[in-house]
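Hi,

Here's the structure I said I'd pass along. Have a look at it first, and my notes follow below.

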Amino acid sequence: MTKPSLRPADPLLPSEIAPRHLVQQRRDWLRLMAGTAAGTALAGWAGREAMAQNQNAKLAAIKSTTPGGMTMEKLTSYQDATTYNNFYEFGTDKSDPARAAGALKTRPWSVVVEGEINKPGVFDLDALLKLAPMEERIYRLRCVEGWSMVIPWVGWSLAELIKKVEPNSRAKYVEFVTLADRAQMPGLRSGVLDWPYVEGLRMDEAMHPLTLLAFGMYGEVMPKQNGAPLRLVVPWKYGFKSAKSLVKIRFVEREPVSSWTRAAPQEYGFFSNVNPKVDHPRWSQATERRIGEDGLFAKKRPTLMFNGYEAQVGQLYAGMDLKKLY
């Protein structure tokens, strides 16, 4: 994989001092078990697990200077972030993506960029990796289900690509389409959603510097179960807005219909901004459970407006009824 250069004098990144001992302990355990009778039965599983996580491919990046781009909160462990997540194309249980994503082929990979733009085209993964300098961004991640994480992503602002393709005056929204391959994604057999998975942003949201096109996390290439080889990350919105394994980006005049909005419009609106004052119809959004803080007496955290990014993005929604436009 082509990697951007990193100045030799750069200090250690937060990802380089993350609690990696947990991952190493897990590797050691798998290696030990492989030499035992139980290990024989586990060998195939261990191989798939290692392939799915793709843990060893480094992705160099510089520290982000984007306002709001480097929260100082404690990182979620790599193990939690790669084994507890939603990626319904591989199953609906939290552990399904890590178990089943090993079959995903991330090379060759290309992304079609089309619609109301002056310079449409097909971008190869290597071209995207070199399009702009890689940055590490430490973002809060808030799921609509009421749990949260803190993850160090690697990528660059989506605005870099948008400027390159030159949207015209009719481009009001950006639609994101993800891979839907039944041969690689067993979850597509379920009827939980219409496939492929589709998401969308208003143009000003897509152009905001915090909106990230991410190619990695924790200083490594994106694990397959987390949306390899590239995904969207929009930190002030609920996690389902951050579409994974992108294959198409389309610039359109009318508001796209997102997959979850199509499935349950009364529960999942187009904007999906993190808002503690607007409950999901079936549960409160006032608090959240931080993954990794799951002790018996652990208290839930209060949910922050726009997931803590109000100072950076609040002006995008000035004058809007955020309860009606949820």
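**The pocket, then the rest**

Strand 5 (residues 147-157) gives the largest share of the lining of the largest pocket, four residues; strands here are DSSP E runs of at least two residues, helices are H or I runs of at least four, and both are numbered from the N terminus. Bear in mind that this is a predicted model, where local features need pLDDT of at least 70, side-chain atom pairs count only at pLDDT 80 or more, and totals for chains, interfaces and linings use all residues. Residues are numbered from 1 along each chain as its sequence is written, and side-chain values use heavy atoms, leaving out hydrogens and water.

Back to the lining: 28 residues make it up, and Asn 86, Phe 87, Gly 239, Phe 240 and Lys 244 lie nearest the pocket's centre. (A pocket is an open set of points on a 1 Å grid over the protein atoms alone where a 1.4 Å probe fits, with protein on both sides within 12 Å along at least five of seven lines; lining residues have an atom within 4 Å of a point.)

As for the chain, it has nine helices and 13 strands. Of its 326 residues, 54% count as buried, meaning under 20% relative accessible area with a 1.4 Å probe, protein chains only.

Strand 7 (residues 198-202) is worth a look too: five of its five residues are buried. Val 198, Gly 200 and Arg 202 sit on one side, with Glu 199 and Leu 201 on the other. Strand 7 runs antiparallel to strand 6 (residues 173-178), joined by five bridges (strands pair if DSSP finds at least two bridges between them). In that pairing, Tyr 173 has Arg 202 as its bridge partner.

Cheers

How values were computed. Buried < 20%, exposed > 50% of the residue type's maximum accessible area, 1.4 Å probe, protein only.
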